[in-house]
Amino acid sequence: MKEVSAMPTAPPTRCTDPECQEISTARGRCDAHQPKPWANRASKQERYGMSSGQWRALKKRVSRRDNACCYVCGNESEDGEPLQLDHKVPVAEGGSTRDPENLGLIHAEPCHAEKSAAEALRGNERRRGGG
């Protein structure tokens, strides 16, 4: 039986950082120079005009109001994982940053992930001029 050889791969390349001589592992960069997720994201203070302490106080207030239940599915926290505080109407779509009526607790998975995906689709449509 004839053995099939694998197709040759591209030769390794150097990291795109000008001072680095390491071999790239992904997206043209070595492991040390990979971009950090959310590195350029503004803090809550910059995004919403409130400190982390004010955000925690709002979360505590909303948690008492909603009996620590997710506003999407109505279930309590599972496996001890804390619920996240979320804007029901995104700030980008005109929602209030501080109004407790626009804030609710939400499970990170799957509730928040699904909601965020839908918001991203709407945002992309707005950027393209479709909505």
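Q: Is Trp55 buried or exposed, and what is its relative accessible area?
A: First, a heads-up: this is a predicted model, where local features need pLDDT of at least 70, side-chain atom pairs count only at pLDDT 80 or more, and totals for chains, interfaces and linings use all residues. Residues are numbered from 1 along each chain as its sequence is written, and side-chain values use heavy atoms, leaving out hydrogens and water. Buried means under 20% relative accessible area, exposed over 50%, and partly exposed in between (1.4 Å probe, protein chains only). Trp55 is buried because its relative accessible area is 11%.

Q: Which residue forms an aromatic pair with Trp55?
A: Searching the whole structure turns up one aromatic pair. Its rings sit 5.4 Å apart, centre to centre, with 10° between the planes, and the pair is stacked. For the cut-offs, rings of Phe, Tyr and Trp (its six-membered ring) pair if their centres lie within 6.5 Å, with planes under 30 degrees apart stacked, over 60 edge-to-face and the rest tilted. The partner of Trp55 is Tyr48.

Q: Which ring does the charged end of Lys88 sit over?
A: A charge sits over a ring if NZ of Lys or CZ of Arg is within 6 Å of the ring centre and within 35 degrees of the ring normal. The charged end of Lys88 is 5.5 Å from the centre of the ring, and that ring belongs to Tyr71.

Q: Where is Asn102 found?
A: Helices (H or I, at least four residues) and strands (E, at least two) are DSSP runs, numbered from the N terminus. The chain has three helices and two strands. Asn102 lies in the loop between β1 (84–87) and β2 (103–106).

Q: Which residue's backbone oxygen does the side chain of Asn102 reach?
A: Asn102 is buried, as its relative accessible area is 7%. Leaving aside neighbours within four places in sequence, Asn102 is in contact (heavy atoms within 4.5 Å) with residues including Asp86, His87 and Lys88. At 2.8 Å, its side chain reaches the backbone oxygen of Ser96.

Q: What radius of gyration does the chain have?
A: The radius of gyration is taken over C-alpha atoms, and the globule rule is 2.2 Å times the number of residues to the power 0.38. For a compact globule of 131 residues, the value would be near 14 Å. The C-alpha atoms here fill a box of roughly 70 × 45 × 40 Å along the principal axes. The chain has 22 Å.

Conventions. Polar contact = N/O pair within 3.5 Å; in protein donor to acceptor, adjacent residues only side chain to side chain.
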